[in-house]
Amino acid sequence: MLSQRDFARLLDGPALEREIDRLTRKRGGWLDVAQILSRRINGMLDWEPLGPAGARYRIVGSRGEAVLFWDEERQCIIKLRGREENGYGTAGFGCILVRNERGMIEYGPGTLAQALERERLSWEHLGFGCEFDDLIGEEAGLLLTQRFIRGGAPTLREIHAWMTSRGWEPLTHRRDVAVTLRDHAWQREGIGAFDANETNFVKCEADGELYPIDLIVWRMPE
């Protein structure tokens, strides 16, 4: 386990400051994005001093569930996830599938244990995902590693073909799935694979294969 101080020293602080400044200058809703990014890192680390320019982890961006870093030493992507109160909101340590008060299937915040189980399910059912790397503090943060795939975004048609060829069924018309999630939701053998859109797949330059890099894979709620 890494202490908050030890992890802070691994981060390229100047690069993070530049990214927050860049988002802030865009104004509008980007101000909220900049504030969330700051909370996800500085808040989680209890404002410990960050490392110098050129430190091991360089900010790549902040997506719905995680802050992404490039690990120069291992040449891989690092995903930082954390608690709801530290800027991770309704994702928690990673979204899972739940039923809301109206009985509709939607996303709910996952615990640390559920985030690790989700990655196990991703490897088992999709053949790709993240691996556990380390914990930060007293379960303040979770670090996952993911192999970097050089390539670009596939088309929705390619994603559809990839999923159906592996026995997944689309949930486009399933009435108990939240309307906003249906178009990119699939199921197979009681497992759901949601958020299967162009931003969550990479089409590899080397072999032309599709790799699912950030789908929400979880058991379909009863």
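Which exposed residues does the face of α5 turned away from its buried side carry? In this predicted model, helix α5 spans residues 156-165, and its residues Ile159, Trp162 and Met163 are buried. Seen down the axis of α5, these buried residues fall within an arc of 95°, so they line one face of the helix. The face turned away from the buried side carries Arg157 and Ser165, which are exposed.

The buried residues of α5 pack against α4 (112-126) and also against the strands β10 (186-188), β11 (191-194), β12 (201-204) and β13 (210-212). Just after α5 comes Gly167, which takes a positive phi of about 85°.

Because Phe7 lies in helix α1 and Phe69 in strand β2, the pair ties together parts that are 62 residues apart in sequence. Phe7 is buried, with a relative accessible area of 0%, and Phe69, at 2%, counts as buried too. Together with Tyr57, Phe7 and Phe69 form one aromatic cluster.

Tyr107 and Phe194 also form an edge-to-face pair, with centres 6.3 Å apart and planes at 70°. Tyr107 belongs to strand β5 and Phe194 to strand β11, so this pair ties together parts 87 residues apart in sequence. Here Phe194 is buried, at 0%, whereas Tyr107 is partly exposed, at 23%.

Conventions
Residues are numbered from 1 along each chain as its sequence is written. This is a predicted model: local features need pLDDT of at least 70, side-chain atom pairs count only at pLDDT 80 or more; totals for chains, interfaces and linings use all residues. Side-chain values use heavy atoms; hydrogens and water are left out. Buried means under 20% relative accessible area, exposed over 50%, partly exposed in between (1.4 Å probe, protein chains only). Helices (H or I, at least four residues) and strands (E, at least two) are DSSP runs, numbered from the N terminus. The arc is that of the directions from the helix axis to the C-beta atoms. Contact means heavy atoms within 4.5 Å. Rings of Phe, Tyr and Trp (its six-membered ring) pair if their centres lie within 6.5 Å; planes under 30 degrees apart count as stacked, over 60 as edge-to-face and the rest as tilted.
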